[in-house]
Amino acid sequence: MSYVYAVARLKAMENRFLDASFFSRLIDSATLEEALKSLGETVYGQWISGSAPAEFDQVIDRELIASCEDLERFVPDRELLDIYRMPHDFNNVKVILKSLFRAREGGERRYDLLSALGAVDTERLIMALEGEEYGLLPYGLADVIPHCWTLWEQTKNTKDIDLMLDGAMFAAMRKTAEALGIPEVVRWVERRIDAENLGNAARLARMNTDPAAALPFFHNGGTIRPADAAKLLGEPLESWGKALSHTDLGAVFEGIQDRSDMQATLCDISKALSDSLIRVLEKAKYSASAPGNVILYLLQKEEEARSLRIALVCVANGLNREFARRLLSHAR
Amino acid sequence: MELLGLALALLGAALAGGMAGVGSAIGIGIAGESAAGVMTEDPDKFAKCLMLQALPGTQGFYGFIIVFMVMVKLEMFGTPLSISWVQGLMIFAACMPVALACWISAIYQGKTSAAAIQMISKKPDAVGKALVLPAMVETYAVLSLLTSILLLMFGVQLG
């Protein structure tokens, strides 16, 4: 299979994305059943039959997993999909590790938060981590997991372990992207790391964290150095755009206002960063064979799934429709 | 030595036909991959995709026209003319516009067709526009064909 074939197929698949008018109708649904009936007429319909209305989350997950599996069949470089699915794998590793920590302290093992969206089979991860056969783990995890155990035994702080695993994930993403040798994918991974760092910076700034203490929360591999990201904490949010003007991300913060509603500001930042991740791949859209289109498709699908979750949660809980509309970042 | 002229002329014709054909095959291949991708998801677009996929195939025919003209000029269907190496070289040179321009343009037309096929997968109503874009590349293949024809007809005098 070639990228010309893959990209053409993806463009045809994009026609099945849910559009803004569908989301508008979905939000206006009086009940969850009515909303799911509308959803049943889309590609999600194949996963709805036999599911209880409250299980819409699984329906969305099933569609995302099916999309990834579909792409695996015709995308020439599987590593491209691995880069996209890596966060889910690392999230699964975190879930299993925390469960093992709990078990060591006499608690129960809980694997209900494992995601099937990862590239690595969850059973394989559980087997490797429970059996301490770290050599079976991908992405350089064999070196990281023993450190996680040491850290946990020393501090019992799972947040530090999360940060260590995040650092390892970004290093693995970057390594895989560089090995692929596709410049737009390397740029996207860098932007992904920057977005994570800036998102962390925004949250830490809200908590008035000292820049020096915040340094471990920032990861290497992006275009913004961790030390520079930490420096932002001493600045008001309005000046972040100027401070980052030497990078592509300066524009992301130009329109952001520090509102009194902390949650709304963080929501704006998260949306702007998420949009910037899609924008970095937009040039690929105009090429008939750019591998970046694979990531772009998956990001759009993920965006659609997120919007769908927001809309269905709002309908299920009878939340304010205007609030739901504001939350929806999907706009095609 | 007396056959050198004929050999040069036939080499030119062979390159015109061969290179244009190779270009067309590559171009059609690229467009075909794109068409297959679209049709996997939407088989109803077969006719539109086929139209666009066939576009880079014309260069192969242009090459063949030149091969035929060279053979007629050399009276290859009867007793071949005896020509000097300079005349042979002139025929060889006359074949080059088609050989080179059709080879390259077919590949690029294939790429443009692939993009146009992706365009109609999203906007089926824009099939007219989608046809115009790869057809623009065709212009230069046609010009090279005319150049080769003019050179063969008026640039090379035999006998």
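## W85(B) and its surroundings

Leaving aside neighbours within four places in sequence, W85(B) is in contact with L4(B), G5(B) and L8(B), where contact means that the C-beta atoms of two residues, placed from the backbone, lie within 7 Å. This tryptophan lies in helix α4 of chain B; helices here are DSSP runs of H or I with at least four residues, strands are runs of E with at least two, and both are numbered from the N terminus. With 17 C-beta neighbours inside 10 Å, W85(B) counts as partly exposed. On that scale a residue is buried if 20 or more other C-beta atoms lie within 10 Å of its own, exposed if 12 or fewer, and partly exposed in between. W85(B) and L15(B) are 70 residues apart along the chain, and their C-alpha atoms are separated by 17 Å.

## What kind of model this is

You are looking at a predicted model, in which local features need pLDDT of at least 70, side-chain atom pairs count only at pLDDT 80 or more, and totals for chains, interfaces and linings use all residues. Residues are numbered from 1 along each chain as its sequence is written, while chains are lettered from A and ligands numbered from 1 in the order in which they are written.

For the complex, the predictor gives an ipTM of 0.82 and a pTM of 0.85. Chain B averages a pLDDT of 93, and 99% of the residues score at least 70; pLDDT is the predictor's confidence in each residue, from 0 to 100. Within chain B, confidence is lowest in helix α2 (residues 46-54), at a mean of 92, and highest in helix α3 (residues 58-73), at 96.

## Chain B as a whole

Chain B has 5 helices and 0 strands. Its C-alpha atoms fill a box of roughly 60 × 25 × 20 Å, taken along the principal axes. Of the 159 residues in chain B, 50% are buried. Among contacts in chain B between residues at least 6 apart in sequence, 88% join residues at least 24 apart.

## Where the chains meet

In the interface, 16 residues of chain B are in contact with 13 residues of chain A. On the chain B side, the elements that give two or more residues are α1 (4-41) and α4 (85-122). The largest share of that side, 8 residues, comes from α1(B). By type, the chain B side divides into 6 nonpolar, 5 polar and 5 charged residues. Here Ala, Val, Leu, Ile, Met, Phe, Trp, Tyr, Cys and Pro count as nonpolar, Asp, Glu, Lys and Arg as charged, and the others, Gly among them, as polar.

From chain A, helix α1(A) is worth a look. It is mostly covered, with 11 of its 12 residues buried. What covers the buried residues of α1(A) includes α5 (56-74) and α16 (292-316) of chain A together with α1 and α4 of chain B.

## The nonpolar cores

A nonpolar core is a set of buried Ala, Val, Leu, Ile, Met, Phe, Trp, Tyr and Cys residues joined through C-beta atoms within 7 Å. The largest has 66 residues, and those with the most contacts inside it are V294(A), I295(A) and I117(B). Helix α1 (residues 3-14) of chain A gives the most to this core, with 9 residues. Apart from it lies another core, of 32 residues, among them L10(B), A16(B), A141(B) and L152(B).

I117(B) has partners in both chains: leaving aside neighbours within four places in sequence, I117(B) is in contact with A8(A), A31(B), S34(B), A35(B), V38(B), C49(B) and L52(B).

## Two loop residues in chain A

Most residues other than glycine have a negative phi. K156(A) has a positive phi of about 60° although it is not a glycine, and its place is in the loop between α8 (141-155) and α9 (158-180) of chain A. With 11 C-beta neighbours inside 10 Å, K156(A) counts as exposed.

Phi is also positive in N208(A), near 55°. N208(A) lies in the loop between α10 (183-206) and α11 (211-214) of chain A, and with 7 C-beta neighbours inside 10 Å it counts as exposed.
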